[in-house]
Amino acid sequence: MQEGSSRRSNKDRSEATRSALIDAGRMLFVESPYGEISTPEIASKAGVTRGALYHHFADKRELFAAVVNSEATAVAHDIVQSAPAGTSAMEALMAGGQAYLDAMAVPGRTRLLLLDGPAVLGHAEAKAIDMCHSAATLREGLANAIKAGAIRALALEPLTAMISAAFDAASLDIEAGGDRAEWENCLQAMIKGLAPD
């Protein structure tokens, strides 16, 4: 019994260390450019040894990827929570769009996911992370809307990429001081424009 408790305790400690490193990495990657942050600085911020950092992550890039993945997971979670059961397919698309903009308004998130993510990880890896999270929720919402007849039956992959790019552009511009209400009006008009004639 004690041995099992010890194993759980070790696992809990390991997960806590990993979470602390991701949290510390996020704080530092938002404060300074990626290239200016060192692994000793991250370890110190997390309150762990550099050896503990390398036990969980091969290098700074792998830790950065974990930070980006964590942020993308949080965005997708907020989108999923935005449309309760019973919401129509079109209402779910609209609610998901609002939830995406809300989630991307978290300080530092737009920079991590849309600017530094592709710059550090490369376009392909950053896109793969997105396709597992917020783009996946968008794709599912569009597929449901097509199935329900709420929007035209267009090719799902390019449609997802196009709408995702529009929401990313909105997030970047809003972050830079753009008018969110104007963006929301345009994005909603774009989605409503997909309805069958």
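First, a term: a nonpolar core is a set of buried Ala, Val, Leu, Ile, Met, Phe, Trp, Tyr and Cys residues joined through side-chain atoms within 4.5 Å. Buried means under 20% relative accessible area, exposed over 50%, and partly exposed in between, with a 1.4 Å probe and protein chains only.

Ground rules, before I forget: this is a predicted model, where local features need pLDDT of at least 70, side-chain atom pairs count only at pLDDT 80 or more, and totals for chains, interfaces and linings use all residues. Residues are numbered from 1 along each chain as its sequence is written, and side-chain values use heavy atoms, with hydrogens and water left out.

**The core.** I looked up the largest nonpolar core and found 49 residues in it. Phe29, Ile42, Leu63, Tyr100 and Leu142 have the most contacts inside it. Among the helices that each supply at least two of its residues are H1 (2-31), H4 (60-81) and H9 (156-175). Helices here are DSSP runs (H or I, at least four residues), numbered from the N terminus.

**Phe29.** I then asked what Phe29 touches, contact being heavy atoms within 4.5 Å. Leaving aside neighbours within four places in sequence, its partners include Tyr34, Ile42, Leu63, Arg111 and Asp116.

**H5 and H6.** Next I checked how helix H5 (residues 89-104) packs on helix H6 (residues 109-121): the angle is about 105 degrees, and the axes are 8 Å apart. Axes are lines fitted to C-alpha atoms, for helices over the stretch in contact, and angles run from 0 to 180 degrees between N-to-C directions. The pair is therefore roughly perpendicular, a label for 65 to 115 degrees. On the H5 side I see Tyr100, Ala103 and Met104, meeting Arg109, Thr110, Leu113 and Leu114 of H6.

**His56.** Is His56 buried or exposed? I found it buried, at 15% relative accessibility. His56 lies in helix H3 (residues 50-56). Not counting residues up to four places away in sequence, His56 touches Ser14, Thr17, Arg18, Leu21 and Glu62.

**Ala85.** This one sits in the loop between H4 and H5. Ala85 counts as exposed because its relative accessible area is 84%. From Ala85 to Tyr34 I noted 51 residues in sequence and 41 Å in space, C-alpha to C-alpha.

**Cysteines.** Last, I looked for disulfides (pairs of cysteine sulfur atoms within 2.5 Å) and got zero. Cys132 is exposed at 59% relative accessibility, and Cys186 is exposed at 53%.

Key
Angles under 35 degrees count as roughly parallel, over 145 as roughly antiparallel, 65 to 115 as roughly perpendicular and the rest as oblique.
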